[in-house]
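Thank you for making time this morning. I would like to walk you through one model, so please have a look at the sequence and the structure before I go on.

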Amino acid sequence: MSESKKTFEENLQELEMIVSKLETGDVALEEAITEFQKGMLLSKDLQKTLQDAEKTLVKVMKADGTEEEMD
């Protein structure tokens, strides 16, 4: 079962749909709990992606091709 990894934007859109669904309150308790857990996992994954992007952006490429952390 090979599922391709979703993009940041796809995960964000899915999280927004979950939040919107939960905000309406028209969801059974069991489904709400499942959706909440799924949303928390998506949120954690999105946060990690942003942190990784930030780490990449704070590096500067030196003339010899090596990278250096910016202060």
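This is a predicted model: local features need pLDDT of at least 70, side-chain atom pairs count only at pLDDT 80 or more; totals for chains, interfaces and linings use all residues.

Residues are numbered from 1 along each chain as its sequence is written, and side-chain values use heavy atoms, with hydrogens and water left out.

The chain has two helices and two strands, in the order α-α-β-β along the sequence; helices (H or I, at least four residues) and strands (E, at least two) are DSSP runs, numbered from the N terminus. Of its 71 residues, 14% count as buried, where buried means under 20% relative accessible area, exposed over 50% and partly exposed in between, with a 1.4 Å probe and protein chains only. Among contacts (heavy atoms within 4.5 Å) with a separation of 6 or more, 41% join residues 24 or more positions apart.

Now to helix 1, residues 8-24, whose 17 residues should span 24 Å at 1.5 Å a residue, and whose end C-alpha atoms lie 25 Å apart, which agrees; the expected span is 1.5 Å times one less than the number of residues. Which residues of helix 1 are buried? They are Asn11, Glu14, Leu15 and Ile18, and because they cover an arc of only 100° around the axis, they sit on the same side of helix 1; the arc is taken from the directions from the helix axis to the C-beta atoms. Helix 2, residues 29-57, is included in what covers them, whereas the face turned away from the buried side carries the exposed residues Glu9, Met17 and Glu23.

Just after helix 1, Gly25 takes a positive phi of about 80°. Val27 lies in the loop between helix 1 and helix 2, and it counts as buried because its relative accessibility is 18%. Leaving aside neighbours within four places in sequence, Val27 is in contact with Lys21 and Ala32.

Lys21 comes up again with Glu35, a residue of helix 2, which touches Ile18, Lys21 and Leu22 when residues up to four places away in sequence are not counted. Glu35 is buried yet has no salt bridge, and Lys21, the nearest side chain of opposite charge, is 4.1 Å away; a salt bridge is a side-chain nitrogen of Lys or Arg within 4 Å of a carboxyl oxygen of Asp or Glu. For charge, Lys and Arg count as positive and Asp and Glu as negative, with His and the chain ends not counted.
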